[in-house]
Amino acid sequence: MQGKIIVISSGKGGVGKTTATASIGAALALEGKKVAVVDMDIGLRNLDVVMGLENRIVFNIVDVVRSKCKLTQAAIKSRRIENLFLIPASQSDNKDVMSPQDMIRVSKKMRTEFDFILMDCPAGIERGFENAVAAADEAVVVCTPEVSSVRDADRVIGLLYAKEIPSKLLINRIVPAMVERGDMLSHQDVVDVLSIDLVGLVEADDQVVVATNSGLPLVLQNESKAGQAFKRIAMRLNGKPDLPIEIPSTSKSLWKKIGSKIGFGK
C-alpha cells in the first residue's frame with residue numbers, strides 16, 4: 001500500500017494550519033496509522049514547537065532533498081504518540097532551495113514509509129505553496145469565519161482545483177456565542193461561498209494555547225472541544241467520510257450583510 005499525501009493549506013497565515021496538522025496527524029496515529037507530519041515552511045518552522053520536539057532536530061526536509069541524510073534520519077519520533085513522526089523544516093534556508101520536482105521525488109520515498117503524510121503548507125501561494133502541493137493526493141483547506149480568511153481560502157481552492165487536487169474545508173476557531181449574535185459568519189455562510197465539502201468544524205478553544213506551549217497533543221486532552229473535533233476530522237480522512245459533523249451553533253446569516261462588499265455573493 002502506498003501512503004496518502006494530504007496538504008493542509010489556507011493561503012492566509014494565522015488560521016491554525018500548524019495546529020490542525022499536528023492534531024490531525026496525532027489523531028491518525030492514535031488510530032494505528034504510521035504518520036509523518038512535514039513542516040514545509042522553510043525558514044520559519046513552527047511544527048516542531050507545537051509538537052514539543054524542537055530540541056531533537058538534527059536533520060530537516062532540505063537535508064533530505066539534498067541527500068545529506070536519509071528520510072528515516074530526518075524523521076523525529078513523537079515522545080507521546082506511537083507511530084507519529086515529524087520531518088522539520090530548515091530555519092537557515094529559504095523556499096527557493098527546493099522545487100516541486102524535488103518534493104515529488106522525495107514524496108515517492110515517503111509513501112513507502114508512512115500510511116499518511118501531512119504537509120503543513122506555508123502561507124501564501126508562491127514557491128512554498130507549490131512545493132507543498134506538488135505530490136498531494138488531496139487537500140484540507142483551513143479557514144476561519146472571517147472575511148479575509150474566506151477570500152484567501154477561495155483563491156487557494158481555485159488553485160487546487162486547477163491542479164486537480166480534491167479539497168475539503170475545515171472551519172477553525174468558531175465562537176458559538178458570536179455566531180448566535182450574528183457577529184461572526186456561520187459555517188453555512190462560509191460553505192455557501194466556498195462551495196466545497198466540509199471535513200470538520202472546530203470551536204475556538206483555550207486549550208489550543210496550552211497544547212502549543214506545552215507540546216502536549218491536543219487530541220490527548222479529553223476536555224478539549226477542539227481536540228475532539230480534530231479526532232473526528234481524522235476519522236473522516238481515514239475512511240469514515242460519512243461520520244456526522246457536529247455543529248457548534250446555528251445563527252442568522254452575517255454574510256448577507258457584508259458579502260457583497262468584497263465581491264462574493266453577487
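**Figure 1. Strand β4 and its partner strands.** Ala36 stands opposite Phe85 in β4. Strand β2 (residues 35–39) and β4 run parallel and are joined by four bridges; two strands count as paired if DSSP finds at least two bridges between them. Strands (E, at least two residues) and helices (H or I, at least four) are DSSP runs, numbered from the N terminus. Strands β3 and β4 run antiparallel, with two bridges, and the bridge partner of Ile76 in β4 is Leu86. In the hairpin of β3 and β4, six residues lie between the strands, and Asn83 takes a positive phi near 70 degrees. The model is predicted: local features need pLDDT of at least 70 and side-chain atom pairs count only at pLDDT 80 or more, while totals for chains, interfaces and linings use all residues. Residues are numbered from 1 along each chain as its sequence is written, and side-chain values use heavy atoms, with hydrogens and water left out.

**Figure 2. The two faces of strand β4 (residues 84–87).** In a regular strand, side chains alternate between the two faces of the sheet. Leu84 and Leu86 on one side of β4, and Phe85 and Ile87 on the other, are all buried, that is, under 20% relative accessible area (1.4 Å probe, protein chains only).

Figure 3. Strands β6 (residues 138–143) and β7 (residues 167–174) run parallel and are joined by five bridges; Cys143 stands opposite Ile171 in β7.

**Figure 4. The largest pocket.** This pocket holds about 250 Å³ of space, the volume being that filled by probe spheres set on grid points joined across faces, edges and corners. A pocket is an open set of points, on a 1 Å grid over the protein atoms alone, where a 1.4 Å probe fits, with protein on both sides within 12 Å along at least five of seven lines; lining residues have an atom within 4 Å of a point. Of the 17 lining residues, Gly14, Lys17, Thr18, Asn46 and Asp120 are the closest to the centre. Helix α1 (residues 17–30) gives the largest share of the lining, three residues.

Note on methods: Buried < 20%, exposed > 50% of the residue type's maximum accessible area, 1.4 Å probe, protein only.
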